[in-house]
Amino acid sequence: MTSISGKTDIDWEAFAKALAPVEIITDTVLVKKRSRDFFWYSPILNAELKKCFGDLVARPKTTEELAHVLKVAYAHNAPIVLRGGGTGNYGQAVPVDGGLIVETTAMNRILEIGDGFVRCEGGAIIANVNAALKEQGWELAMFPSTQDIATIGGFVAGGSSGIGSVAHGMLRSDGNLIALKAMSVVDDPQEHLFEGEDALQIHHAWGMNGAITEVTLRTVPARNWIGCMATFDAYEQAYAAGCALTTAPDVSPKLVSTVDARITAYFPKLAGHIRPNRHLLVSLIPQEDVDAFRGLIETEGGHVDLIMDDAERQAKNLPHVFEFSYNHTTLQVLKADRSATYQQIGCPIPPDPAKIAAVRPELGDDVWMHHEFARLDGQVVTFDLPIIWYSTTERLNKINTIYEAHQHSVYDAHTWHVEGAGLKNTDYRHLAWKKRMDPKGLLNSAKSQVWQQICHLEPDQIEKLGTT
Ligand SMILES: Cc1cc2nc3c(=O)[nH]c(=O)nc-3n(C[C@H](O)[C@H](O)[C@H](O)COP(=O)(O)OP(=O)(O)OC[C@H]3O[C@@H](n4cnc5c(N)ncnc54)[C@H](O)[C@@H]3O)c2cc1C
């Protein structure tokens, strides 16, 4: 068996035999498919990553099988990339160094549902977890808009916020991530338990410092969520209504997003359901708050277009409203035109429609705004995930500069290094735990710009780098 990646000199036939009885995938087409995620959102990442492939896929069903897989990889010095649903955006799950892909989706059991929490295996599909919770009167405090494909382990390793963040905060805050277990990559792989704040040492490390086997997430009592859409003549009005919704005493939304009118032209499924050429506000509102929602939209100068419970949504053959929010908004545009891309922008805090109005005219016609409302440490914050009609890297840099000149922060969506995209800075706690859990540096190491320079240090020395 030759190396599909062309980057490893491992005897993959012997490797595959050593993995038995674990399910493996060796077919080149399937291995290449499982080497991709949604990096192609970025033309820059697409050029850099589209030819990066793994060599073999393993699909363990139990923690014992996973331990066996990691032991074999350790013995062969094989690069390893964990993979859940493969919905990450920055090439997080792309095996840049080639090697072994460990797909977790067969480790998908829901282990325990209790008061305010769910404990499940890392490969559990998030929508399945939400469905099981609903039967017992609970729901996840937050989940990504990719819940139909994404796994709990992938969300905790690669995600940050989602539907529910406007009420319950980011994944890393407000007790949303209660605990997790991660397995080390050593001669005798072991599960380690990380509880409370300690779970942040593994969260958002892109699977570089342990294979997440089990996650305990916060749940909240289930409510009857009504999908609501309203339209406005001016974008600032929609944004101002979003601000009003997040502070209204009589409305408790689980989602608040605002979308530039030009983007809504790429939502064919909404044609006839929302007014065309108007700026859109997308929300999930508890049934008992719908009248207050209607009143608030009217006060803010908007028009209520769509109010539907889940049965009505299915009867109308419409997707969930959250498929017009978060990075699904970008996906709707990309379905029609692959020359679009996006960026991730943190807006001034507290949200201020005047500051959005000030930056809009300077951005030009190639930038179409889309904001998500969330809570961070109790404070309302907003993120712009604009559609950008990509021309050159120079123009993209210029757009970033314009945002920054208006006190926005850019979290670059066009880099495949963890320090650039989600984190902005190096998280030395992540890397210290990488040294402890993965001393040979086999787990997704290419995704850190810093790892090679510090991997000779002891974990405590690495941790200290973060305090100097
Ligand atoms: C259309 C669209 C919408 C999105 N919306 C959101 C959103 O609302 N909120 C949000 O936060 N993100 C969002 N994302 C990003 C992504 O969908 C989420 O982060 C998702 O939860 C990732 O889960 P996954 O199972 O697909 O992970 P993958 O893409 O498979 O993996 C993500 C990262 O986690 C690692 N990993 C996977 N499983 C494990 C494991 N068991 N142990 C250790 N490491 C592991 C991988 O190596 C990779 O680095 C969106 C992406 C798209 C394309």
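These legends accompany several close-up views of a predicted model. Residues are numbered from 1 along each chain as its sequence is written, and side-chain values use heavy atoms, with hydrogens and water left out. Because the model is predicted, local features need pLDDT of at least 70 and side-chain atom pairs count only at pLDDT 80 or more, while totals for chains, interfaces and linings use all residues.

**View 1. Strand 11 and its two partners.** Let us start with strand 11, residues 225–232; helices (H or I, at least four residues) and strands (E, at least two) are DSSP runs, numbered from the N terminus. Of its 8 residues, 8 are buried, that is, under 20% relative accessible area, with exposed meaning over 50% and partly exposed in between (1.4 Å probe, protein chains only). W225, G227, M229 and T231 point one way, and I226, C228, A230 and F232 the other. In a regular strand the side chains alternate between the two faces of the sheet. Two strands pair if DSSP finds at least two bridges between them. Strand 11 runs antiparallel to strand 13 (residues 279–286), joined by 8 bridges, and here G227 stands opposite L284. Strand 14 (residues 303–308) is also antiparallel to strand 11, with 5 bridges, and its L306 faces M229.

View 2. The domain assignment, automatic or from a database, gives domain 1 (12–103) and domain 2 (225–410). Their centres, taken over C-alpha atoms, are 35 Å apart. Contact (heavy atoms within 4.5 Å) involves 8 residues of domain 1 and 12 residues of domain 2. About 810 Å² is buried between the domains, 65% of it from carbon and sulfur atoms; buried area is the accessible area (1.4 Å probe) that two parts lose on being put together, summed over both. Look for W40, Y41 and I44 in domain 1, which lose the most area to domain 2, together 64% of what that side buries.

**View 3. The surroundings of T151.** T151 sits in the loop between strand 7 (138–140) and helix 6 (152–158). T151 counts as buried because its relative accessibility is 2%. Its side chain reaches the backbone nitrogen of G154 at 3.0 Å. Leaving aside neighbours within four places in sequence, the residues in contact with T151 include G84, T104, G122 and I126.

View 4. The whole structure holds 22 salt bridges. One of them joins R119 to E214, with the closest N and O atoms 2.9 Å apart; R119 is in strand 6 (residues 117–121) and E214 in strand 10 (residues 211–221), 95 residues apart. R119 is partly exposed at 24% relative accessibility, whereas E214 is buried at 11%.

E139 and K254 also form a salt bridge, their closest N and O atoms 2.9 Å apart. E139 lies in strand 7 and K254 in the loop between helix 8 (235–247) and strand 12 (255–259), so this pair ties together parts 115 residues apart in sequence. E139 is buried at 11%, and K254 is buried at 3%.

**View 5. A salt bridge between two loops.** The side chains of R223 and E288 meet at 2.8 Å, N to O. R223 lies in the loop between strand 10 and strand 11, and E288 in the loop between strand 13 and helix 10 (290–299), so the pair links parts 65 residues apart in sequence. R223 is partly exposed at 34%, while E288 is exposed at 55%.

Conventions: A polar contact is a pair of N or O atoms within 3.5 Å; within protein, one must be able to donate a hydrogen and the other to accept it, and residues adjacent in sequence count only if both atoms are side-chain atoms. A salt bridge is a side-chain nitrogen of Lys or Arg within 4 Å of a carboxyl oxygen of Asp or Glu.
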